Amino acid sequence: MNFNTRDRTLEQGKVLNEKIYKIEKPTQMIVNDKLEIKPEEVNVGETVTLEQKQELVDVLNAHRDCIAQNIFELGKTEILEMNIQEKPGSVPINEKPYRTTIAERDEISKIITEWKKAGIVTETKSPYASPVLLVKKKNGESRLVIDYRKLNSQTERINFPLNFPLPNLDEHLETLCGTNIFITLDDLAHAYLQLPLDKESRQKTAFITPEETGEFTRAMFGLMNAPFYFSKLMQCVLGPLRNDIVLFYLMFGLMNAPFYFSKLMQCVLGPLRNDIVLFYLDDMLIPASNWDQLMMRLK
């Protein structure tokens, strides 16, 4: 192998090397500094052929930098920062940690340690302290939730029009007429954790467990105005796509959040809306009439 940029001329019959080195083929290739997605990690329908599945995997790996398979691969925007503005006369929220079992403490500690390694949480000297609790997901995994209710009660609500129209699910379903193949992109990966907090707001997100404290460097689920900021972010990112490719529909538990998130997804998926993508909660559905069209829309 010639590692030089200059051409080399070899004499006929010349021995280059008497040793032969066997290079083992890696079990998993690296794509954009991340492990490539393997076919067995992608769920497809029974009618999808092996060739089509491989084509799908190739498209996913071509955009591997857009896919986070763990918390350490999660990106962070530089377009916008979230600010937490408190009402005049507010004092730092300082609560005691909730009681937990030994098993829960171990699980909480494991999650926080991972977040600290990923730079999502840092050590804190903040006068604020909101308690944490574990909530079980449908798949049996635990989600760490910070109880920000008291912080939210003294947070200035962003002035946002509450009469913003929510998308109509029936209209979305009508757009599926004539399509018979779909791709679902389930769950935006830790959506809020991709939105940074400004330095002044970080101490306000401080939390306390029975064993440790910390504060967030990024927006956390449960903060009052997080849906609005994320909506604004998505408007900046996907605004030009609106109305052409994406349909969305959502339902959110926090007060006024449906309006915020509706605005967000309209801005984010804008040009794609109504023609290519259906959106429900934080899931996306891309419909098509055939495989080639589906791959084109996915790209």
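At 78% relative accessibility, G89 counts as exposed, because the cut-off for that class is over 50%. In this predicted model, G89 is found in the loop between helix 1 and helix 2. The C-alpha atoms of G89 and Q154 are separated by 9.1 Å, although the two residues stand 65 positions apart along the chain.

The protein as a whole contains eight helices and ten strands. Of its 299 residues, 41% count as buried. Among contacts with a separation of 6 or more, 78% are accounted for by residues 24 or more positions apart.

Helix 1 covers residues 50–62 and has 13 residues. From its first C-alpha to its last, helix 1 reaches 18 Å, close to the 18 Å expected at 1.5 Å a residue. The buried residues of helix 1 are K53, L56, V57, V59, L60 and N61.

Helix 2 runs over residues 102–117 and has 16 residues. The distance between its first and last C-alpha is 23 Å, close to the 22 Å expected at 1.5 Å a residue. Four residues of helix 2, namely I108, I111, I112 and W115, are buried. These four residues lie on the same side of helix 2, because they cover an arc of only 95° around the axis. The face turned away from this buried side carries the exposed residues I102, A103, D106, K110 and K117. The buried residues of helix 2 are covered by parts of the chain that include strand 3 (121–122), strand 4 (130–136) and strand 5 (142–146). Strand 7 (207–208) and strand 8 (213–216) also belong to this cover.

Helix 2 is followed by G119, which has a positive phi, near 80°. G119 is located in the loop between helix 2 and strand 3. With a relative accessibility of 32%, G119 counts as partly exposed, because its value falls between the 20% and 50% cut-offs. G119 and R218 are 99 residues apart in sequence, while their C-alpha atoms are 9.1 Å apart in space.

Ring pairs link W115, F207 and F216 into a cluster. The structure holds two aromatic pairs. In one of them, F207 and F216 form a tilted pair, with 5.5 Å from centre to centre and 50° between the planes. Both F207 and F216 are buried.

Strand 5, part of the cover of the buried residues of helix 2, contains V145. V145 counts as buried because its relative accessibility is 18%, and the cut-off is under 20%. Apart from its neighbours within four places in sequence, V145 is in contact with P131, V132, L133 and V135. The C-alpha atoms of V145 and M220 are separated by 8.8 Å, and the two residues are 75 residues apart along the chain.

A further buried position occurs in a loop. T155 is placed in the loop between helix 3 (149–153) and helix 4 (169–174). At 5% relative accessibility, T155 counts as buried. A polar atom of the side chain of T155 lies 2.7 Å from the backbone oxygen of L151. When neighbours within four places in sequence are left aside, the contacts of T155 are with I84, Q85, E86, K87, M224 and N225.

Helix 8 comprises residues 291–298, of which W291, L294, M295 and L298 are buried. The buried residues of helix 8 line one face of the helix, because they fall within an arc of 95° when seen down the axis. On the other side of helix 8, D292 and M296 are exposed. The N-terminal end of helix 8 is capped by N290, with a side-chain oxygen 3.2 Å from the backbone nitrogen of D292.

Terms used. Residues are numbered from 1 along each chain as its sequence is written. This is a predicted model: local features need pLDDT of at least 70, side-chain atom pairs count only at pLDDT 80 or more; totals for chains, interfaces and linings use all residues. Side-chain values use heavy atoms; hydrogens and water are left out. Helices (H or I, at least four residues) and strands (E, at least two) are DSSP runs, numbered from the N terminus. The expected span of a helix is 1.5 Å times one less than its number of residues. Buried means under 20% relative accessible area, exposed over 50%, partly exposed in between (1.4 Å probe, protein chains only). The arc is that of the directions from the helix axis to the C-beta atoms. Contact means heavy atoms within 4.5 Å. A polar contact is a pair of N or O atoms within 3.5 Å; within protein, one must be able to donate a hydrogen and the other to accept it, and residues adjacent in sequence count only if both atoms are side-chain atoms. Rings of Phe, Tyr and Trp (its six-membered ring) pair if their centres lie within 6.5 Å; planes under 30 degrees apart count as stacked, over 60 as edge-to-face and the rest as tilted.
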